[in-house]
Amino acid sequence: MAQATGLSPAAVSYALRGLQVSEETMERVRAAAAELGYEADPIARALASGRTGMIGLLCGSLEDLWQQSLAVGISRGLREKDRYALILDAVGDPDRERALAQQLRDQRVDGMIVQPIDPAAPFWAQLCESLPVVAIGDSLPGTAGEVIFDNRRGVTLALEHLRALGHRCIGVLTPTRASTPDRPADVHVTAEGERLGLDIRVATAQHGLAAATQAAHDLLADGRPSAVFCFADSIAYGVYAAAGELGLSIPRDISVMGYDAHPMSGLLTPGLSTVDWNIDGIVRAAVRLMAAAADGGTRRRRIVQQPTLRQRGSVADLTTS
């Protein structure tokens, strides 16, 4: 291959793995590989490099449609870097999250990307000492890289928007459990509610339409708030379902806001107002950080993802009524 391209063996190796060379060089090497019918032996490569080419992708809950989109995007992005994603689902359970993270480590993956359910869990620090970890959403101790959501800004955008439209009693549906009380978004929503003089009522709603719908039923039946702010668009879909079953109109009888701008949210009637985290940007950043860390990079990078407010028709303006 080196002879066919006129490049050094090292340059050819880097180009085949998509590392440290220009796009022109990569195209040149790949074209030569295709012409020669060259295919790298993954077992030989792993033995020579001590790497498997596998990256663990530990999802908090794949019942969350946004996390499904994240998993698809990251797996495709890793494939472009000549790596494969080993996708595992913690089903919203912190104990399962810990067990699966340790399982991925024991399987000798080259690194792990995780959107943690319980970022305060003490096992993360030890895990991050044994392999490169990139965290998405919330910060973890000792990671090789982080794509952190500015949850304070996201929560503030949502609550200030609701307050400006006259809402004072706001229900909040969160997937956070009693065993994981320190997630930043939940801490911020209580603090921001106090700052803005809002009556905030927090309730737990697990991902999945049936669970989210039941949680919304319970919230709407107990001194119904004027608006419901959901920490995932997929949970907001449960509010839409519950409102329909209760004969309530959105936004006339109940306003709804989401928190991740899933593409389906614009197809609802009315469209769901939501906080947009730019999933494409998150995917690109996470893949870039993971590829660098898995290749032995020691520079730790922290990328803070800024939200934007996507207004549609699911929030009523109470100031005009």
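Are W66 and F149 buried or exposed? Both of these residues are buried, where buried stands for under 20% relative accessible area, exposed for over 50% and partly exposed for anything in between (1.4 Å probe, protein chains only). The model is predicted, so to speak of local features takes a pLDDT of at least 70 and side-chain atom pairs count only at pLDDT 80 or more, while totals for chains, interfaces and linings use all residues. Numbering runs from 1 along each chain as its sequence is written, and side-chain values use heavy atoms, with hydrogens and water left out.

On to the rings. The structure holds seven aromatic pairs; rings of Phe, Tyr and Trp (its six-membered ring) pair if their centres lie within 6.5 Å, with planes under 30 degrees apart called stacked, over 60 edge-to-face and the rest tilted. W66 and F149 make an edge-to-face pair because their planes sit at 80 degrees, with centres 6.0 Å apart. This pair links distant parts of the chain, 83 residues apart: W66 is in helix α5 (residues 65-80) and F149 in strand β5 (residues 145-149). Helices (H or I, at least four residues) and strands (E, at least two) are DSSP runs, numbered from the N terminus.

F231 and Y259 also pair edge-to-face, at 5.0 Å centre to centre and 70 degrees between the planes. Both F231 and Y259 are buried. Ring pairs join W66, F149, F229, F231, Y259 and W277 into a cluster.

Elsewhere, L198 lies in the loop between α9 (184-196) and β7 (199-204), and is buried at a relative accessible area of 10%.
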